[in-house]
Amino acid sequence: MTETGIKMPNFEHPEYPEATLLHLESMVPCRESQVSSLMSIFGERQHFSFPSIFIYGHTSSGKTYVMQTLLETLELPHVFVNCVECFTSRLLLEEILTQLQNLSSESKHGSHVPCDTFNDFVRLFKQEIITQDLQNQTVYIVLDKAEQLREMEANVLPGFLRLQEMTDRNVTVIFLSEIVWELFRPNTGCLEPFTLYFPDYSIVCRDLKELRHLAALNFTKYCEPVVRGEANERDTRRLWKNIESHLKKAMQTVYLREISSSQWERIQQDDGEPGHLKGLSAHAHVELPYYSKFLLIAAYLASYNPARTDKRFFLKHHGKIKKTNFLKKHEKTSNHLLGPKPFPLDRLLAILYSIVDNKVAPTANIFSQITSLVTLQLLTLVGHDDKLDGPKYKCTVSLDFIRAIARTVNFDIIKYLYDFL
């Protein structure tokens, strides 16, 4: 803030006016450090930038949003491709070329450009840069969900890393990923990218989607003192005092999905407590990510099925095996009466891969979801002191609960439980 009361931007760049930088700053809260680093790397339009930049961080840490906001606000020529949507190399390369055509103001609907190989892509990319008159400025190719590149042909990732060299054009490829670069690096070696880490937003709520969800649900309560005339919009201390206890309850219930959003809104209208909602029990309305539901189902099966029955339930072409073949004198008691038994991590993952229809890679995302289930007390970590065998877990949810979870993913869990054969 200057002596005349004019706010000065934290970002500094000789090519952009202060109004643009102030607008950019207001759009990327808590990401000023990362944006400042990126602007320094980008330099001026006509300057050659880094050949490739690798940006990584947990889900909902703002990677995609910040890159889109930065490139659009500074009006830098770019293409933005989601590697999950373009799941083959041909789809990916053709989508980049099509978006490159759309950069021209004359043609907003580029024609389809067939591209079968990376060599074809290099040739067509060079031609398109000349056609679009982009030789004198950096073109940015942003590959979101870049971890999918590891499933494509072996030359795709190294090719993008050396695209600037191969095309002799001013182009920078930006990879956005949830996993670290060390899991990307090809065994044969490659041109190393510049890496930039996006940390979690805060220790209270590390998920931007959850933060937005909670803010939307509680904004009306936050504004109540203003509506009643007890405070103005700038009286942040009084507004925070009004919302603090209310927000803590929301973090304990809505954030953990113990109750639904509609139930929480009814509680706000009735000025009641979350526990007073009729028919509500602890964890009765948990909303989990898709694979977390299957992880919990796999954990329940591992806790209540004997390990030797896994072949009967999860291995194809196992042959017909009757339950009487498994029974021994001491096994006449129901496993559900005996309670959950501990199981190792590798057994949990083996059951998970068997019950999920599509292929699931053992990524850090899967392991972080296991940790989340432990945090939610849906799983219990046991036997971690034995470092040779690795961690073991128990599933702590009831049969009714897991049946409700299984119904949401159309999985008939009763067919896979030994006690119900």
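Colleague: Which residue forms a salt bridge with D116, and how far apart are the closest N and O atoms?

Modeller: Side chains of opposite charge can pair when their charged atoms come close. In this predicted model, D116 pairs with R90 in a salt bridge whose closest N and O atoms are 3.1 Å apart. Because D116 lies in the loop between α4 (89-102) and α5 (118-131) while R90 belongs to helix α4, the pair ties together parts that are 26 residues apart in sequence. R90 itself is partly exposed, its relative accessible area being 41%.

Colleague: How many salt bridges does a search of the whole structure find?

Modeller: The search of the whole structure finds twelve salt bridges. One of them joins the side chains of R162 and E165, with a distance of 2.7 Å from N to O.

Colleague: Does E165 count as buried or exposed, and what is its relative accessibility?

Modeller: E165 has a relative accessibility of 51%, so it counts as exposed, the cut-off being over 50%.

Colleague: Where do E224 and K221 lie?

Modeller: Both E224 and K221 are in helix α8 (residues 208-227), three residues apart, which is about one turn of the helix. Their side chains meet in a salt bridge of 3.5 Å, N to O. As to accessibility, E224 counts as partly exposed at 26%, whereas K221 counts as buried at 17%.

Colleague: Which residues do salt bridges that share partners join into one network with K221 and E224?

Modeller: The network also takes in R228 and E230, joined to K221 and E224 by salt bridges that share partners.

Colleague: Let us turn from charged pairs to another residue. In which strand is the place of Y140?

Modeller: Y140 is found in strand β3, which spans residues 139-144.

Colleague: Why does Y140 count as buried?

Modeller: The reason is a relative accessibility of 2%, because buried means under 20%.

Colleague: Which residues does Y140 touch, not counting residues up to four places away in sequence?

Modeller: With those sequence neighbours left out, Y140 touches F42, L71, L76, P77, H78, V79, T172 and I174.

Colleague: What separates the C-alpha atoms of Y140 and N170?

Modeller: The C-alpha atoms of these two residues are separated by 8.9 Å, although Y140 and N170 are 30 residues apart along the chain.

Definitions and conventions: Residues numbered from 1 in each chain as written. Predicted model: local features only at pLDDT ≥ 70, side-chain atom pairs only at ≥ 80, totals over all residues. Heavy atoms only, no water. Salt bridge = Lys/Arg side-chain N within 4 Å of Asp/Glu carboxyl O. Helix = DSSP H or I, 4+ residues; strand = E, 2+ residues; numbered from the N terminus. Buried < 20%, exposed > 50% of the residue type's maximum accessible area, 1.4 Å probe, protein only. Contact = heavy atoms within 4.5 Å.
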